[in-house]
Each structure stands twice: as structure tokens, then as C-alpha cells.
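Here is a briefing on one protein model. Look over the sequence and the fold before reading on.

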Amino acid sequence: MKSAIRWIAAILTVLFNGSLGISQNTDSTGPAQFVGSKACSTCHQEQYEGWKQTRMATVVRDPRTHPEAVLGDFSHPDPVRTFDLDQVSFVYGSRWKQRYFTKRGDDYYVLPAQWDIKNRRWVPYHVQPGTDWWVQFYPSSNFERPTGPLCDGCHSVNYDVHTKQVTEWNVGCEKCHGPGSLHVQHPTRDNIVNPERLDVVRGNDVCMQCHSQGQSPSNPIAGKYFDWPVGFLPGKRLADYWTLEEQRLGTTNFFYWADSTAHKNRMQGNDFVQSVMYHRKVRCFDCHQVHSNQNPSNLGAVGNELCLTCHTPESPAGPHMTVAEHTHHREQSPASQCTACHMPSIEQTLGDNFVSSHTFRFISPKLTEQFGIPNPCNQCHKDKSTQWALAQLKGWQTTSPWRIAE
């Protein structure tokens, strides 16, 4: 009887989703459809409730149903902001910046001002010529640059490029686990994708589908140029749907610094695939726990506690000494945080807001002199020169001079 009820419920779900124009996909066990994150909550209540508190679940909000999500100051006039809140269909973002989408016809468009959360001010929003690759394929006006092909594939589950409909807004469960109707009908480990059980490439691809900068090799699609990997599903190989932006060593451009460290936000994947960590089969979710908002950036632990979980004195990766001996700074000082040297905040997201690099390479002051790449020493010692920093590094006796000073 219970199995019959589950079967009937699954059929009704499929029919309901089909009436909404939700496209059908296929997994290894047969046809599966997207059913929405709520369907996962019955069996995975703890993960579902944790996920609901994260920015994954709240990056896109309707201000009419979630007025608390509006961070921008709409109560005072500002020459930069030429629109009112009643024109806003969605707010996007809550950490570095907040942008505002309006709906015209069956498309959304980004309004021409964004809220700088750190500095609490309005700044213009308009992607300039010579920046993102897609700019040349769209007119200059924001209102001729729909978010469907340029944004919505990463801010929703199952965006349909033809109907422009989604199963749900935000990064829901099925964005990482694939369509779930078969699993809801008959839960087994074989009819749902668990990134933990994928090989390291496909596991990281689940995160990189949105946390990387690239182009779809299938462009144009339905007459538009898409800035997200159309057709990719968890468990597939992202390289079949997505080409990472080309690195040009020695050249600083919109996407990269001259050493191929990312120059802008949303390029964590571009960074990470260059790292020793990636080649040693570390996965994004070994550090980031997307079912929890307990720590900043969904990290599994805070500060050095996370890094030192693997980088122990007994590990080949070291360090084979105390943190203070390794960093040449006091144990609890900001400079003794692993991220201070190995993940400097040099990738711009908005104005003076920068996010951390994910190559985990130490950037020597020598590279600052040669290519203008910001280095972690002078990011802290702003009153000192690169020559001063190099002299300090050359005096370190416990670290290879060839690694840090040249």
C-alpha cells in the first residue's frame, strides 16, 4: 500500500511539473525530472534546514515576499539610483553587493545601479566594453541584456532556455544532486547524484559549473550567447559543456593576473584547477559545507583549524614546524593565518571589495615588481616597499629562498 501511494505521488509530481513546462532529463536509471528542494526535506530534514540558511538558498529574493532581503537604501533619493523599489522583481546578492532585477515581458534585466554593502552606497551597474567576453554580442543598454542567458542558469535550478521557466530560483538541492523524481519515488543511492561519490573531476565540476568563468562551446544557443554551461548536470563532465577562460601568462586582463591567478570574482574554479590541492584530489566540499551557514563562506571550520586538519606535521604537505615558525609571525597574529599568504584577497568583486584567490600559491613581491600582481606581504605592510619585503623573505632560514623570494 505504501509503495503504491509513493508511486501515485511520484506520477502526480511528474504531471504537475510537466504542466509547468519543466524539461525532462535522464540519469543512469532512466528518465528523471526536477521536483524542487522541498521534496527533499522529508527524508533529509537536517540538510534541508541547514541549506535554507545559506546564501545558496537565498541569493535571489522577491522583495514583495521577502522585504527583509532588501539591503539598498530606497528611502532617500540618490542620483545614481534611477529606479524605485516597486520596479524591482528580484534582489540578487547579500554579501558584497546587491543588484536589482526588473521584469519586462518574459525576461529579467539588471537595473543600472547596485548597492555596495560594505560602503553602504549606490554605485552604477553597467558591464563595459572590453570586459566580459559576451559584451560584444549584446547591445549596450542594460535593458537589452537579459539575465536568462547571462545569469539565471546559476541562480536557479533547471532554467529552460526555450520557455525561460525554472523549477525553482536559487541554488537548490537538485543543482548539485541532479533531478530527483526517481529518488523521491524510490530512494536508493543509485538514482541520485552524491558529489561525494563522484570522481574528483566530476565532484569539483558540480561546484565549478557556477564558480568559474568561461564560455559554452555550443554558443549561440536559441539565438543568444550564454554565460553558463547550458545542458550540464551533476555527474556529467563539465568540460563537455564549458571552456574555461584562456590563460595568457605574462598578460594581465579582465580575467587574470599575469601569473594566471584570477583577477575577478566568480573564478574560484579557474584558480583551483591550477593548484596542487586539485591535483592531489582535494574537492571543493572538503573545505566548504553547503548544507551549513555556521561559518563564513560555508567553511567546515574557522581559520587555521580548517587548514591544519590536513596540513599536520606528520603530513607530507607539512608544515613540519609550528605555525609561527612557518610564517615568521606571532602565532595568533593575522599574518599567521594560512589564508593570509596562501589565499590573498586580490580578486575584485566590487570597488574595494576583494575575494580570496584559490590557487594557494604564495605570490612573491618579485611578481609585484615584474607584473604588478598584488602580494600578501605588502597587502599588510602597506607602508613598506617590495624591496623591503624581499629583503625580509631572504632572511628566512626555514623556507626555500627559491620559493619565496624569487
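Predicted model: local features only at pLDDT ≥ 70, side-chain atom pairs only at ≥ 80, totals over all residues.

Residues are numbered from 1 along each chain as its sequence is written, and side-chain values use heavy atoms, with hydrogens and water left out.

**Nonpolar cores**

- The largest nonpolar core holds 19 residues, and Phe-101 and Trp-134 touch the most other members.
- A nonpolar core is a set of buried Ala, Val, Leu, Ile, Met, Phe, Trp, Tyr and Cys residues joined through side-chain atoms within 4.5 Å.
- Buried means under 20% relative accessible area, exposed over 50%, and partly exposed in between (1.4 Å probe, protein chains only).
- Helices (H or I, at least four residues) and strands (E, at least two) are DSSP runs, numbered from the N terminus.
- Another core, of 12 residues, lies apart from the largest one; Val-70, Phe-74, Trp-115 and Ile-117 are among them.
- Not counting residues up to four places away in sequence, Trp-134 touches Val-127, Arg-145, Leu-150 and Asp-227 (contact: heavy atoms within 4.5 Å).

**Helix H7**

- In helix H7 (residues 200-208), the buried residues are Val-200, Gly-203, Asn-204, Asp-205, Val-206 and Met-208.
- They pack against helix H5 (173-177), strand S12 (243-244), helix H8 (268-272) and helix H9 (276-279).
- Asp-199 caps the N-terminal end of H7, with a side-chain oxygen 3.0 Å from the backbone nitrogen of Val-201.

**Thr-327**

- Thr-327 lies in helix H11 (residues 323-327) and is buried, at a relative accessible area of 10%.
- Leaving aside neighbours within four places in sequence, Thr-327 is in contact with Ala-335, Ser-336 and Trp-396.

**Cysteines**

- The structure holds 0 disulfides (pairs of cysteine sulfur atoms within 2.5 Å).
- For Cys-151, the nearest cysteine sulfur is that of Cys-154, 9.0 Å away.
- Cys-151 is buried at 18% relative accessibility, and Cys-210 is buried at 14%.

**Cavity**

- Asp-106, Asp-107, Tyr-108, Thr-147, Gly-148, Asp-152, Tyr-159, Lys-164 and Trp-169 line the largest cavity.
- A cavity is a set of points, on a 1 Å grid over the protein atoms alone, where a 1.4 Å probe fits but cannot get out; lining residues have an atom within 4 Å of a point.
- S6 and H4 are the elements that give two or more residues to this lining.
- H4 gives the largest share, 3 residues.

How values were computed: Polar contact = N/O pair within 3.5 Å; in protein donor to acceptor, adjacent residues only side chain to side chain. 1 Å grid on protein atoms, 1.4 Å probe; cavity = no way out; pocket = protein on both sides within 12 Å on 5 of 7 lines; lining within 4 Å.
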